[in-house]
Amino acid sequence: MKNLNLGTFNVRGLTNDLKKGNLAADILKYKVDICCLQETKIKNGVDKDVKGNRLICLQSESKHYGNGFMISNTWKHNIHKCWKVTDRVAVLQLKVSDKNKKPFLINIINVYAPHTQRVKDDYTELIELYDVLNELLSNFKNLAGSFTIIAGDFNAKVGKQLPGEKSIG
């Protein structure tokens, strides 16, 4: 298997062709093979070629969210599946082979967590997000011959605890 360089960008909107072209140039410049995208703000979804790369933006219930992936020309033939789990979680599955030509899946989970201010008084949305992630991880854990990566924009504040959590140390 060749090396896989993974990146993640909060694009703060990807609704015009100029920005899509700039993204394609950036992933080439930084040698990113798969780029997880958050806050695409593309409500109806997109699946298109942008300068030789495949751009997949998944449908979103809200014009403020949206997850997607930009897959380099080198890796786009490895796409097995891509789907939206929620407006804040998406999955890209790549089908690859190891050095012995044995096939396996790479599951890339793309996360766009709510801002700290958004959940300041009510952690429900954040707890639901982590429940979804735990369920996905459980499902992939039982999937033989797979490897799972979690990436994205967690909008995290280091040291912040959820109600009921115990501190470490």
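Predicted model: local features only at pLDDT ≥ 70, side-chain atom pairs only at ≥ 80, totals over all residues.

Me: How many cavities of 30 Å³ or more does the structure hold?

Reply: There is 1. The largest cavity has about 30 Å³ of space in it.

Me: What makes a residue part of the lining of the largest cavity, and which residues line it?

Reply: A lining residue needs an atom within 4 Å of a point of the cavity. Leu-58, Gln-59, Gly-66, Asn-67, Lys-84, Thr-86, Asp-87, Val-89 and Ala-90 line the largest cavity. Strands E6 and E7 each supply at least two residues of that lining.

Me: How do you know how the lining divides into nonpolar, polar and charged?

Reply: You sort by residue type: Leu, Val and Ala count as nonpolar, Lys and Asp count as charged, and the others, Gly among them, count as polar. For the lining of the largest cavity that gives 3 nonpolar, 4 polar and 2 charged residues.

Me: And what is there to say about the second largest pocket?

Reply: Its volume is about 180 Å³. A pocket, unlike a cavity, is an open set of points. Among the residues lining the second largest pocket are Ala-24, Ile-27, Leu-28, Lys-51 and Asn-73. Helix H1, residues 17–29, provides the largest share of this lining, with 4 residues.

Me: On to strands. How do you know that E6 and E7 pair?

Reply: Two strands pair if DSSP finds at least two bridges between them. E6 and E7 (residues 89–97) are joined by 6 bridges, so they pass that cut-off. They run antiparallel. You can look up Ile-79, which stands opposite Leu-94 in E7, and Lys-84, whose bridge partner in E7 is Ala-90. A hairpin of 2 residues connects E6 to E7.

Me: What about E7 and E8, how do they pair?

Reply: In the antiparallel sense, over 9 bridges. At least two are needed, so E7 and E8 count as paired as well. Val-96 has Phe-104 in E8 as its bridge partner. E7 and E8 also form a hairpin, this one with 5 residues between the strands. In that turn, Lys-101 has a positive phi of about 65 degrees.

Me: Which order do the strands E6 to E9 take in their sheet?

Reply: The order is E6-E7-E8-E9, an open sheet of 4 strands with mixed pairing. Strands E6 (79–86) and E9 (146–153) are called edge strands; each of them pairs on one side only. From one strand to the next, the twist averages 20 degrees.

Me: What about the sheet of 5 strands?

Reply: That open sheet runs E1-E2-E5-E4-E3, and its pairing is mixed too. Here the edge strands are E1 (6–10) and E3 (46–50), each pairing on one side only. Direction ignored, neighbouring strands of this sheet are turned by 15 degrees against each other on average. E3 and strand E4 (residues 53–57) run antiparallel and share 5 bridges; Val-50 has Asn-53 in E4 as its bridge partner.

Me: Why is Leu-14 called buried?

Reply: Buried means under 20% relative accessible area. Leu-14 comes in at 1%, so it counts as buried. This residue lies in the loop between E1 and H1.

Me: What makes E7 "mostly covered"?

Reply: Of its 9 residues, 7 are buried.

Me: Last one: what makes a set of residues a nonpolar core, and which residues touch the most other members of the largest one?

Reply: The largest nonpolar core has 16 residues, and Ile-34, Phe-69, Ile-71, Leu-92, Leu-94 and Ile-108 touch the most other members. Strands E2 (34–38), E5 (67–71), E7, E8 (103–112) and E9 each supply at least two residues of this core. E7 gives the most, with 4 residues.

How values were computed
Residues numbered from 1 in each chain as written. Heavy atoms only, no water. Axes fitted to C-alpha atoms, helices over the stretch in contact; angles between N-to-C directions. 1 Å grid on protein atoms, 1.4 Å probe; cavity = no way out; pocket = protein on both sides within 12 Å on 5 of 7 lines; lining within 4 Å. Points joined across faces, edges and corners; volume = space filled by probe spheres on them. Core = buried A, V, L, I, M, F, W, Y, C linked by side-chain atoms within 4.5 Å. Buried < 20%, exposed > 50% of the residue type's maximum accessible area, 1.4 Å probe, protein only.
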